[in-house]
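My entries follow in the order of looking.

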Amino acid sequence: MRSRPLALVERPVPVAGPGEVLVRVEACGVCRTDLHLAEGDLRSRRPLTAPGHQAVGRVVRPGGGDGGRVGVAWLRSTCGRCRQCARGLENLCPESAYTGWDADGGFAEYLTAPAAYVYPLPEDAPAETLAPLLCAGIVGYRALLRCDLPEGGRLGVYGFARRRT
Amino acid sequence: MVTRSPAARALALELGAASAGDRPPEPLDSAILFAPSGDLVPVALEALERGGTLAVAGIHLTDVPPLDYERHLFQERTLRSVTANTRADGRAYLALAAERPPVVKTVPYAFEEADRALADLATGQVSGAAVLRIG
């Protein structure tokens, strides 16, 4: 990995667009996908985009009130009209957009996200233990569904840590 | 759990994995490949029980070497990819996690240390989930 791919910069607090919420970030998980973006394994889609797609934070209502804790995950939006969306496979939508790739993510004090794509989260758990659930947890769950583990079956997981040699 | 890292093996066993090592001790019914290494695809397929399924869960994978039909796919072994998730997956998983909270081992970093967190992830220095504390 090239050294220091990230730069700490000051930017104005983003403004939530129609259908979006403004989120004040408490914690954000660091995922291998962030590393793929930093290393160029995944081509950048938008210059100078803040990475991070496991963001736990609090919704800031217009006027400044607290709108509760939410999670902002990788899937940011889909078209809702294509064949894949109609079949319940919005993850395969050709127009799908992603947090920290197509829009600024959670390596920031604030971010905006479509309200329909954020998840309510418990108030009583530490933000840093909730953050990894938003990608490692959710995508791991989908992977578990996809691998058709039979009742009482034996599951193997390859790659529990990344080591460079 | 199949991993080369001694720290990852120890963590996997601590979190309840039945075994942790270079290869599974017996044929697997199912497997998930999180490592971004295509070289592991034939290895994981060969370690499946007849009728088993391998799901590749990463968004990026290096090239997969040629597969040998008889060794890697015959006997109805299945190779699948996993692409992100649906919101239904997210809601279902988070409901399960609220009901039975998973044990999460985190490695916290200050917001200003995001670069270091990425570097540590790249070199396998993170034993658990790296998390930036921001606000």
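**Entry 1: a loop threonine**

I located Thr49(A) in the loop of chain A that runs between α1 (32–39) and β2 (55–60). The model is a predicted one. I then checked burial: Thr49(A) has a relative accessible area of 18%, and I list Thr49(A) as buried because the cut-off is under 20%. The side chain of Thr49(A) reaches the backbone oxygen of Arg46(A) at 2.7 Å. I set aside the neighbours within four places in sequence and found Thr49(A) in contact with Gly100(A), Trp101(A), Ala103(A) and Asp104(A).

**Entry 2: chain A against chain B**

I looked up the contact and noted 72 residues of chain A touching 70 residues of chain B. The two chains, A and B, bury about 6,400 Å² between them, with 65% of it on carbon and sulfur atoms. Arg154(A), Tyr158(A) and Phe160(A) supply 16% of the area that chain A buries against chain B, more than any other three residues.

**Entry 3: polar pairs and elements**

I noted 6 salt bridges between chain A and chain B. One of them joins the side chains of Arg80(B) and Asp148(A), at 3.3 Å from N to O. On the side of chain A that touches chain B, two or more residues come from each of β1 (20–29), α1, α3 (127–130), α4 (136–146) and β8 (155–158). The largest share, 10 residues, is from α4(A). I recorded that side of chain A as 42 nonpolar, 14 polar and 16 charged residues.

**Entry 4: strands across the chains**

I found β8(A) joined by 4 bridges to β1 (residues 28–33) of chain B, the two running parallel. Leu155(A) stands opposite Ser30(B) there.

Key
Residues numbered from 1 in each chain as written. Chains lettered and ligands numbered in written order. Predicted model: local features only at pLDDT ≥ 70, side-chain atom pairs only at ≥ 80, totals over all residues. Heavy atoms only, no water. Buried < 20%, exposed > 50% of the residue type's maximum accessible area, 1.4 Å probe, protein only. Polar contact = N/O pair within 3.5 Å; in protein donor to acceptor, adjacent residues only side chain to side chain. Contact = heavy atoms within 4.5 Å. Buried area = accessible area lost by both parts, 1.4 Å probe. Salt bridge = Lys/Arg side-chain N within 4 Å of Asp/Glu carboxyl O. Nonpolar A, V, L, I, M, F, W, Y, C, P; charged D, E, K, R; others polar. Pairing = 2+ DSSP bridges.
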